[in-house]
Amino acid sequence: MCGIVGYVGRERCVEVLMEGLKNLEYRGYDSAGLALQLEDGIEPLKRVGPLVNLAGAVGDLGGRNGDFFRVRAGVGHTRWATHGRPNEANAHPLLGGEGGRVAVVHNGIIENHARLRRELEARGRVFRSETDTEVIAHLLAERIEEHGESLREALACCVRQIEGSFAVAAVSAEEPETIVAARHQSPLVVGLGEGENFLASAVQALLTETRRFLVVENGEIVELSAEGVAVSTLDGEEVRRGACEVDWDAEAVELGVYEDYMLKEIHEQPAALRKTLEGRITTEGEVDLSADLPEPFIEGLREIERVVVLGCGTAYHAGLVGKHALEKLCRVPVEVAVSSEYRYREPIGDGKTLVVAISQSGETTDTLAAVEAAREYGGRVLAVTNTRGSLITREAEAVLLTKAGPEVGVAATKTFTTQLAALKLLALQLAHLKGLRSAEELLEIGEALRLVPEKVEHAIELSGDATRTAAQAFEAARCALYLGRGVSYPVALEGALKLKEISYLPAEGYPAGEMKHGPIALIDESCPVVAVLGEGLLREKTLSNVQETAARGGRIVPVAVEGDASASEVADHVLWAPEVPELLWPLVASVPLQLLAYHVAKGRGLDVDKPRNLAKSVTVE
Ligand code: M6R
């Protein structure tokens with residue numbers, strides 16, 4: 001959940017580390033810190049709270065000491081606290097050794113830290129924080145001071161002792177202009193430059209610097225200097241690996257004309273959807289994923305008898321939407337499971353089970369563990385992810401990338417709708433292979449899917465003012481209820497998640513038909529009801545639930561197909577979305593709910609991009 005960054009090369013270390021941390025802040029913002037290699041040792045600098053606090057300290061220190069901005073090597077960290085409260089002592093870097101001559105930044109959890117700490121304390125090491133990470137700093141210092149090892153050798157020895165998940169980077173005063181790093185289960189990439197090299201938890205930290213990356217694997221140590229990058233095994237054997245190029249733009253992580261990343265990313269949805277559909281669907285509406293999925297995997301899809309969809313949070317909601325298309329078009333039973341539950345369930349399946357693991361980051365610990373559980377019974381795993389080269393892509397048999405580009409706002413928006421598009425593509429491909437639906441029917445849905453980016457564009461136009469006005473109904477609200485049926489039910493769940501995570505208003509998503517079985521007791525004028533209507537028979541039924549709600553004094557905010565007169569009859573402010581075939585309705589209906597949550601949170605003066613307590617990548621259980 002934390003972000004780490006490293007730089008070695010020219011006299012621009014502070015600038016590069018701060019820019020890298022800015023682009024990794026979505027991973028945690030409880031505190032931030034730097035460890036800089038000065039001529040006479042290591043200078044740690046840490047501040048509690050968001051990065052702007054550290055930036056202030058950097059400005060002050062740089063003003064007093066010109067050498068500060070001439071530093072050539074260092075590491076940085078942005079923290080989401082796991083062990084120990086967010087205070088300065090617990091902020092990274094953590095120091096070890098005589099006078100703090102070793103500094104460490106870490107993302108992950110060291111599970112055996114308590115035992116290691118006891119042992120190190122018994123050997124005379126003095127701890128100054130409550131973190132699990134500090135054991136790494138002391139283990140390194142001990143190997144260097146007492147065994148005369150190099151930083152690389154010390155880290156290899158340390159990696160053999162620590163258990164859990166980690167991406168760790170360290171600097172030592174004894175080895176100027178050198179960074180060493182290793183990882184196990186947490187992501188780590190090396191960015192390659194000319195006369196300078198970089199390190200980060202994710203490529204978006206470094207897009208302004210380079211497009212050439214090396215992915216570090218479990219059980220490897222990397223050593224960075226200005227001149228080069230050496231990768232080796234823990235035993236010191238050299239590892240040779242080619243660099244890969246990424247095609248994300250640096251502007252993708254800039255705010256541009258927008259006030260917040262969330263707003264920017266909501267508006268990027270049409271372009272993100274176009275990219276996700278491009279090359280995978282013809283102008284006639286025929287879906288062809290052969291450029292994405294290996295031939296044997298596609299062939300295997302014909303034999304599939306059951307589908308399991310795994311994900312957490314928004315990705316789980318995408319899975320619930322996907323279930324409708326997969327069951328309707330492919331006539332296979334689909335189970336959608338929350339990864340953190342599935343991983344401990346001794347799940348049932350076999351080689352005829354298609355396992356669709358959805359994760360925008362590709363590094364969510366629970367989803368990775370759920371995939372492992374599915375692989376044990378022989379499930380055929382397809383990863384749907386936004387992150388090329390991420391951990392999940394290495395665990396899966398096949399990968400279907402969503403092409404939303406980097407998402408910085410903690411609340412998922414464009415990655416959700418592109419996940420929905422990817423799942424529709426999958427359903428159409430599987431339906432074609434299974435041959436249970438007529439070609440005409442599939443082409444018709446495919447053609448409508450191809451036009452979805454324009455529909456989403458229209459949904460954004462329709463939603464701007466309407467959602468700002470509807471947000472007023474939430475000014476004095478103490479909670480909110482989101483209702484829907486069929487494909488609109490997961491849309492309601494996702495709408496409620498968006499509201500609660502950025503506005504801190506308790507919000508529940510419910511199947512509309514369940515309302516009378518309990519939640520109706522919540523209804524009064526301080527509990528607005530967002531009703532996702534849509535089309536068809538289920539729309540009528542939801543409408544009658546809405547009327548029951550209105551009769552009990554509830555304030556209704558319907559999300560309806562543009563021009564639906566009955567929606568206007570139940571409420572003053574309707575959130576309109578364009579007409580599309582029912583299976584595609586979640587793609588357009590989600591847009592007003594994203595904007596509604598955005599305006600409610602902004603109205604409360606909250607930071608929509610960095611909601612409290614959250615981090616975008618959840619790399620711990
Ligand atoms: O990276 P993932 O898609 O695996 O993340 C899963 C959830 O943590 C994520 O969808 C989360 O619920 C959203 N950021 C909420 O908006």
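The expected span of a helix is taken as 1.5 Å times one less than its number of residues, and helices here are DSSP runs of H or I with at least four residues, as strands are runs of E with at least two, numbered from the N terminus. The model is predicted, so that local features need pLDDT of at least 70 and side-chain atom pairs count only at pLDDT 80 or more, while totals for chains, interfaces and linings use all residues. Residues are numbered from 1 along each chain as its sequence is written, and side-chain values use heavy atoms, with hydrogens and water left out.

Helix α4 (residues 134–147) has 14 residues, which at 1.5 Å a residue should span 20 Å, and its end C-alpha atoms, 19 Å apart, agree with this. Of those 14 residues, 11 are buried, meaning under 20% relative accessible area with a 1.4 Å probe and protein chains only; among them are E134, H138 and R143. The cover over the buried residues of α4 includes β6 (102–110), α3 (113–122) and β7 (164–172). After α4 comes G148, with a positive phi near 65°.

The largest pocket holds about 780 Å³ of space. A pocket is an open set of points on a 1 Å grid over the protein atoms alone, where a 1.4 Å probe fits, with protein on both sides within 12 Å along at least five of seven lines, and lining residues have an atom within 4 Å of a point. Of its 44 lining residues, V203, W248, N386, T387 and R388 lie nearest the centre of the largest pocket, and α7 gives the most to the lining, with 3 residues.

Definitions and conventions. Buried means under 20% relative accessible area, exposed over 50%, partly exposed in between (1.4 Å probe, protein chains only). Contact means heavy atoms within 4.5 Å. Grid points are joined across faces, edges and corners, and a volume is the space filled by probe spheres set on the points.
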